[in-house]
Amino acid sequence: MLEVSGITQIFGGVTALKDVSFSIAKESITGVIGPNGAGKTTLFNIISGIYTQTSGTVVLEGRNISGLPPERLAPLGMVRTFQNIELFSSMTVLENVMVGMHTKSSSGLLACSLKMPWTFKEEARIRDNAMRWLEFAEISDLAGTVAGNLPFGKGRMLEIARALAADPKIILMDEPAAGLNSQETLGLADVIKKIRDMGITVVLVEHDMELVMDICDRIVVLNLGSKLAEGTPREIQENGDVVAAYLGDE
Amino acid sequence: MKKELFKFLIFTVLILVAPLAFKGGYLMNVLVFVGINTMLAIALNLLLGYCGQISLGHAGFFGLGAYLSGILTATHGLNPWLVMPLAAGLVGLLAYLIGFPILKLKGHYLAMATLGMGIIIYIVFNESVDYTGGPSGLSGIPALSIGSTSFDSDVKSYYLVWAFTLGVCLFSLNLANSRVGRALRAIHDSEIAARVVGVNARELKVRIFALSAVISALAGCLYAHTMTFISPASFGFNFSVELLTMVVIGGLGSIYGSFLGAALLTLLPEFLRAAHDYDIIIYGGLLMVMVMFMPGGLVRSVPDAVRKLVRLKGGAGNA
């Protein structure tokens, strides 16, 4: 599904990532973990097209997507969420998700402004679909609320709903559990599993180990910009290097 | 959606009957300018209020529309109705080309770049004396006419200009409540999140910049043909600031707000004749007060204030 090979990222003189390679299977949940400063978010920014890597390639379903900007990746089926949720805060919850359908609709500037007959049908389709995703994320009762007024946990669900509205094949989540209480985290775990069961590949950066061990099929461990280990949650828990990296060497 | 249409119909009716209230007096002439300024404020609002991109050079596009129209009709004798789409199209194309490099910039840098653009256009009006008549202006621009009816009186101009303004209003309202309008607001709120869900922010910003220039140029054409005389002074930096003030006072991201702002800033000087030389100071002051105390603009703050008052009264009644 997704092949990351030989990714190196150098900022100024600092090497943030060094020759990181791994591959992600279709319809799986993969966790990327590692101590602070391991380069997890940098890696995400590269995969999602926000940064361009110094060297290495990212291949999505056999297609080299290295260096493509985010707006080109969405139509190819890759979307992401952000650690500090990025909502369209002045728009309603429903409108936020409707923007998520941008690549799944096509009315242009003039057609919209002149209200061409076909735009009505498309608008209705966008609205219905967006409503469905709000129901999926269990926030449909908030459809008319301005997104900026949402509590953090609901905002997180909205961001996920908006990403799903783009009908992705793969979704990257940057610390989805950050800032959530334990109740909300449990709900999040269910939602992520449901997303995978819909046939969507999930990759997440996460600090909440309980969540990662509970839901991930596979885990990639980064430390100081390099890949330290890769395997099932059980293998990772039993890996001496990983334990050392997290708890410090003797 | 029905509600939107209803609001627009009420607005249209109000505009249509307004001349009856003024019985064709001097204020009619001012109301023509309210129409033109409303178009301009809407144009700038699409860019600034919806898409979040500032322009301090919109008077330049307005002037380009006016001069293209003026020169091609007065000097070359072309039909004004033919010139209008041509002028609007050319200015749109120019804005599109300028837009690509300029809209890469953000915030202050974009403000400076558009400011520079406006000043360059203004200098061109002043210096290319052979074409524009330079500082002394360009006269003899024909009034628009349909068949044998010439739009040469204030009342006729009023209906002509407002026909266009209402058209622009409806066009922009439709845009604001559509897929593309949502994408614009998304760029305003979080460009990166908009891009991640597939909105091509770069391209869309440039398109809106061009659309905004087209509407401004159209307003310029109407201005040239209703005034029949134009000079560079109307298209300088001061007017760009005045447009910005209209948009902010009326309400960023509100089409009707643009009308309120344009109406207020066009009518106000008529009542403050004595303070004429201080207009830029008054605009500056208004802008500061609005940004500090009513960031939503008149269109949002006034209803809020009324609601608060009603609640206060209700609260006092209960106590």
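**Figure 1. Strands S1 and S2 of chain A pair up in the antiparallel sense.** In this predicted model, strand S1(A), residues 2-11, joins S2(A) over seven bridges. Strands here are DSSP runs of E with at least two residues, helices are runs of H or I with at least four, and both are numbered from the N terminus. Two strands count as paired if DSSP finds at least two bridges between them. Look for Glu3(A), whose bridge partner in S2(A) is Ser23(A), and for Gln9(A), which stands opposite Leu17(A). Two residues sit between the strands of this hairpin, and Gly12(A) takes a positive phi near 60°.

**Figure 2. Four strands of chain A make an open sheet.** The order is S2-S1-S4-S5, with antiparallel pairing. S2 (14-24) and S5 (63-64) each have a single partner strand, so one side of each has no neighbour in the sheet. Helix H1(A), residues 40-47, lies across S1, S2 and S4 (55-60), running at about 115° to S1(A). That angle is taken between N-to-C directions on a scale from 0 to 180 degrees, using lines fitted to C-alpha atoms, for helices over the stretch in contact.

**Figure 3. Helix H8 of chain B is largely enclosed by the rest of the structure.** Eleven of the eleven residues in H8(B), 179-189, are buried; among them are Arg179(B), Leu184(B), Ile187(B) and Asp189(B). Buried means 20 or more other C-beta atoms within 10 Å of a residue's own, exposed means 12 or fewer, and partly exposed is in between, with C-beta atoms placed from the backbone.

**Figure 4. Chain B meets chain A through 25 residues of its own and 30 of chain A.** Contact means that C-beta atoms, placed from the backbone, lie within 7 Å. On the chain B side, H7 (154-176), H8, H9 (191-196) and H10 (201-227) give two or more residues. H8(B) gives the most, with eight residues.

Figure 5. pLDDT is the predictor's confidence in each residue, from 0 to 100. Chain A has a mean of 91, with 99% of its residues at 70 or more.

Residues are numbered from 1 along each chain as its sequence is written, and chains are lettered from A and ligands numbered from 1 in the order in which they are written. Local features need pLDDT of at least 70 and side-chain atom pairs count only at 80 or more, while totals for chains, interfaces and linings use all residues.

Methods:
Two residues are in contact if their C-beta atoms, placed from the backbone, lie within 7 Å.
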